[in-house]
Amino acid sequence: MRYIDLTLQVKKSNRVYKQAEVQLKKHIVMGHVGTHFDIYGEVQVPLEYMQTRGVLFDVSHIKDREITIDDVDLDYVKPGDFVMFRTGSIERHPYGSGLYFSSSTQFSWELIQELAMERVKFVGIDAPDLRKGKDHVEADKLFLKYGTFVIENLTNLSAIESQSVCKMLTMWHEDPEATGIKCRVVAVQPE
């Protein structure tokens with residue numbers, strides 16, 4: 001078996017880490033640094049989410065428009081999956097840079113709604129968000145209605161073959177005060 005760590009390791013020298021360190025509620029803000037999912041209200045992640053089937057869609061060639069339902073084949077997706085999208089954002093711009101946060105590829109509302117109705121456990125992206133501004137929160141909350149968590153800032157997605165199936169291991173530590181939950185994400189593939 002080959003284990004691929006998809007968790008972004010953020011150094012203390014990184015701009016995002018430094019900004020989080022000086023915040024009044026540092027403990028809460030740090031949950032949004034690196035690989036994490038946002039949490040709204042009192043939601044607990046079921047333990048069975050720790051091990052899932054994963055499928056990756058490589059949409060890194062799309063840069064000047066939204067990613068739409070026509071760009072992915074949702075026939076590969078099953079309820080309970082961990083669906084990953086390689087947008088190439090983290091490969092094009094370093095995490096913490098202004099371009100990383102401002103120029104990531106956005107997902108269309110149609111794709112977000114269709115994917116939410118698939119009732120997957122996780123949607124993972126190598127970007128800071130599916131949508132910008134208030135739409136970021138709206139998209140996350142829509143997924144949460146269906147029991148899905150959006151994991152942001154994944155890395156090493158290029159090590160997984162597009163539309164191939166792998167086993168996913170996801171670990172997290174819940175905190176009742178947190179609005180962002182740091183997590184560790186590992187893909188397991190046969191050699």
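Which side chain makes a polar contact with the side chain of threonine 87? The partner is serine 89, at 3.1 Å. A polar contact here is a pair of N or O atoms within 3.5 Å; within protein, one must be able to donate a hydrogen and the other to accept it, and residues adjacent in sequence count only if both atoms are side-chain atoms.

Before going on, a word on the model. It is predicted, so to speak of local features we need pLDDT of at least 70, and side-chain atom pairs count only at pLDDT 80 or more, while totals for chains, interfaces and linings use all residues. Residues are numbered from 1 along each chain as its sequence is written, and side-chain values use heavy atoms, with hydrogens and water left out.

Back to threonine 87, which sits in the loop between β4 and α3 (89-92). Helices (H or I, at least four residues) and strands (E, at least two) are DSSP runs, numbered from the N terminus. Threonine 87 has a relative accessible area of 0%, so it counts as buried. That label means under 20% relative accessible area, with exposed meaning over 50% and partly exposed in between (1.4 Å probe, protein chains only). Leaving aside residues up to four places away in sequence, threonine 87 touches Val59, Ser60, Ile67, Arg92, Phe107, Asp126 and Ala127. Contact means heavy atoms within 4.5 Å.

Rings of Phe, Tyr and Trp (its six-membered ring) pair if their centres lie within 6.5 Å; planes under 30 degrees apart count as stacked, over 60 as edge-to-face and the rest as tilted. By this rule there are 12 aromatic pairs. Take tyrosine 49 and phenylalanine 122: the ring centres are 5.6 Å apart and the planes sit at 80°, so this is an edge-to-face pair. The two come from distant parts of the chain, 73 residues apart, with tyrosine 49 in the loop between β2 (36-38) and β3 (51-58) and phenylalanine 122 in strand β5 (residues 122-125). Tyrosine 49 is buried at a relative accessible area of 11%, and phenylalanine 122 is buried at 0%. Phenylalanine 85 and phenylalanine 107 also pair edge-to-face, because their planes are at 80°, with centres 5.0 Å apart. Here phenylalanine 85 is in strand β4 (residues 82-86) and phenylalanine 107 in the loop between α4 (98-102) and α5 (109-117), 22 residues apart. Both phenylalanine 85 and phenylalanine 107 are buried. Zoom out a bit, and ring pairs join Phe37, Tyr49, Phe82, Phe122, Phe149 and Trp172 into a cluster.

Now for charges. Side chains of opposite charge can pair when their charged atoms come close. A salt bridge is a side-chain nitrogen of Lys or Arg within 4 Å of a carboxyl oxygen of Asp or Glu, and the count comes to nine. One of them joins aspartate 5 and arginine 184, with the closest N and O atoms 2.8 Å apart. Aspartate 5 is in strand β1 and arginine 184 in strand β8 (residues 180-189), so the bridge ties together parts 179 residues apart in sequence. Aspartate 5 is partly exposed at 23% relative accessibility, as is arginine 184 at 42%.

Aspartate 5 has another polar partner: its side chain makes a polar contact with the side chain of threonine 7 at 2.8 Å. Threonine 7 is in the loop between β1 (2-5) and α1 (15-21), and it is buried, with a relative accessible area of 9%. Aspartate 81 is in the loop between β3 and β4, and arginine 53 is in strand β3, so the pair ties together parts 28 residues apart in sequence. Aspartate 81 is buried at 2% relative accessibility, whereas arginine 53 is partly exposed at 24%. Arginine 131 and aspartate 135 also form a salt bridge, the closest N and O atoms being 3.4 Å apart, and both residues are buried. Through shared partners, salt bridges link Glu66, Arg131, Lys134 and Asp135 into one network.
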